[in-house]
Amino acid sequence: MRRVVTFLAIAALSLFVRSAAAETKVTVSGTHLCCGACVKAVDTTLKDMSGVKFKSDQGAKTIEITADSDAAAQKAIDALAAAGFYGKLDNDKIKYKAVAADDAAAEKIEVTGIHNCCGQCTSAIKKAVTSVTGVTGTNIKNKDTTFAVEGKFKSSDVVKALLDAGFYAQVKK
């Protein structure tokens, strides 16, 4: 009887260790989460994702993801990018897809796919874009997810400024 109990205990512990080892955790930090609508957009993006649990923290500007596998965690990050959110990741296996942007001088580009739910988002986007050397203006308006940037600048510098501000976006070709 004692052997059976010991065997069952070891088997249960083995299953627990295997399931814990399969779990993937990643924290996205420095994400633009200025208001409840930003947090709600993250929640809407991730809530029905199979094998993914998450917690958004507006004050800390973080999204903590616990996924059943690396693949599920990667799908969550891809979904956040598609929704216009970016941040630094603390898991080397999970990555944001690189944004294609030129290092050549540009006079006008169109940026698309950015999260912009409110005036605070719009202000943060404008601040990031206009901080880039050579940018003379942008036509971004509240709730626009596509906008133009004008001046004489590198597209890659605009992308970097947006990523640093916690926004993910694409440069339209």
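The model is predicted, so local features need pLDDT of at least 70 and side-chain atom pairs count only at pLDDT 80 or more, while totals for chains, interfaces and linings use all residues. Residues are numbered from 1 along each chain as its sequence is written, and side-chain values use heavy atoms, with hydrogens and water left out.

**Confidence**
- The chain averages a pLDDT of 91, and 88% of the residues score at least 70.

**Nonpolar core**
- A nonpolar core is a set of buried Ala, Val, Leu, Ile, Met, Phe, Trp, Tyr and Cys residues joined through side-chain atoms within 4.5 Å; buried means under 20% relative accessible area, exposed over 50%, and partly exposed in between (1.4 Å probe, protein chains only).
- The largest such core has 50 residues, and Ile-65, Leu-80, Phe-147, Val-149, Val-158 and Leu-162 have the most contacts inside it.
- Helix H3 (70-82) is among the elements that give two or more residues to this core, and the largest share, 7 residues, comes from H3.
- Beyond neighbours within four places in sequence, the contacts of Phe-147 include Ile-109, Val-111, Ile-125, Val-129 and Leu-162.

**Helix H4**
- Helices (H or I, at least four residues) and strands (E, at least two) are DSSP runs, numbered from the N terminus.
- H4 (residues 119-130) has 12 residues and reaches 16 Å from its first C-alpha to its last, close to the 16 Å expected at 1.5 Å a residue; the expected span is 1.5 Å times one less than the number of residues.
- Cys-121, Thr-122, Ile-125, Ala-128 and Val-129 are buried in H4.
- Seen down the axis of H4, these buried residues fall within an arc of 130 degrees, so they line one face of the helix; the arc is that of the directions from the helix axis to the C-beta atoms.
- They pack against helix H2 (36-46), strand E6 (135-138), strand E7 (146-154) and helix H5 (155-164).

- Thr-24, in strand E1 (residues 24-29), is buried with a relative accessible area of 4%.
- Ser-156 lies in helix H5 and is buried, with a relative accessible area of 17%.

How values were computed
Contact = heavy atoms within 4.5 Å. pLDDT = per-residue confidence, 0-100.
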